[in-house]
Amino acid sequence: MRPVASPQTVLMLFSLSARREARNKDLLPGRPYQERVAFFDQLIRHSAQLAASCGIDWVWIDERKQQGRSFGERYANAFQALFDQGYTQILSIGSDSPELTETTLRQAVEHLEQGAWVLGPAHDGGLYLVGAHRDHFDFHQFCSLPWTSSLLAKAFGEWAQSSTYPVTWLAPLGDLDDSLGLRAFLLRQPRHWLARLAARILRAKSCFPIIREPLRLVDGATFPPPLRAPPAWS
């Protein structure tokens, strides 16, 4: 039975577009740019379908919607913008954790709506998921966390545990930051659809077929709209 989520809870998919990811991340070394774009496009589509399956509002925030010079500023601004719209709980994921499941996301929503911080630690010391209540959120503290380092999960956990709110840690998962992360994923999950896709690209001599219709961002809505209208803008 699906949990009844609060209408004030939103899931945020925070990532770059497939083209920007293909330029920034070297997951498929030596492969043509358009093949890398197609691979990241599949990752983003998968994450979007996962977000849409949870039964709550969700939004995709790519570089066209992100504001700030550092990752921390852009991420904090995205949280603040959704809180300003009227949401009280935000669950955030990226597009680089293919082992994340709908079951885990639903559990995270339940913990979040019970008032807990929800943190999903990545194997490399980062975080693949962050869940925060509006009352948890401190913009400046959020910005100052070591977002691009292997100390992130530890630092975020220490900050969250110093608050008056409980902290729920999810099971560790891998994420795809570079070719080493991708190869580790291939070894862990050789039967996963993305592992088969990546292995086929890496072995291929010919160009990987490009998706006919690349993702397009139109007024922030690229994928199916939320189940209901979001709260009014403040």
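I looked up the crossing of α7 and α8 in this predicted model, and I noted it as left-handed, a crossing being left-handed if the near helix is turned anticlockwise from the far one by less than a right angle, and right-handed if clockwise. The contact (heavy atoms within 4.5 Å) is made by L182, F185 and L186 of α7 and by L194, A195, A198, A199 and L202 of α8.

I then read the angle between α7 and α8 as about 120 degrees, with the axes 9 Å apart. The two helices are therefore oblique to each other, since angles under 35 degrees count as roughly parallel, over 145 as roughly antiparallel, 65 to 115 as roughly perpendicular and the rest as oblique.

In α8 (residues 193–203) I found L194, A195, L197, A198, A199 and I201 buried (under 20% relative accessible area, with a 1.4 Å probe and protein chains only). These buried residues pack against α2 (33–52) and α7 (179–188).

Next I turned to β3 (residues 89–93), where 5 of 5 residues are buried: Q89, L91 and I93 on one side, I90 and S92 on the other. β1 (residues 9–14) pairs with β3 in the parallel sense over 5 bridges, and M12 stands opposite S92. With β5 (residues 127–133), β3 pairs in the antiparallel sense over 5 bridges, I93 standing opposite L129.

I numbered residues from 1 along each chain as its sequence is written. Local features need pLDDT of at least 70 and side-chain atom pairs count only at pLDDT 80 or more, while totals for chains, interfaces and linings use all residues, and side-chain values use heavy atoms, with hydrogens and water left out.

How values were computed: Buried < 20%, exposed > 50% of the residue type's maximum accessible area, 1.4 Å probe, protein only. Helix = DSSP H or I, 4+ residues; strand = E, 2+ residues; numbered from the N terminus. Axes fitted to C-alpha atoms, helices over the stretch in contact; angles between N-to-C directions. Pairing = 2+ DSSP bridges.
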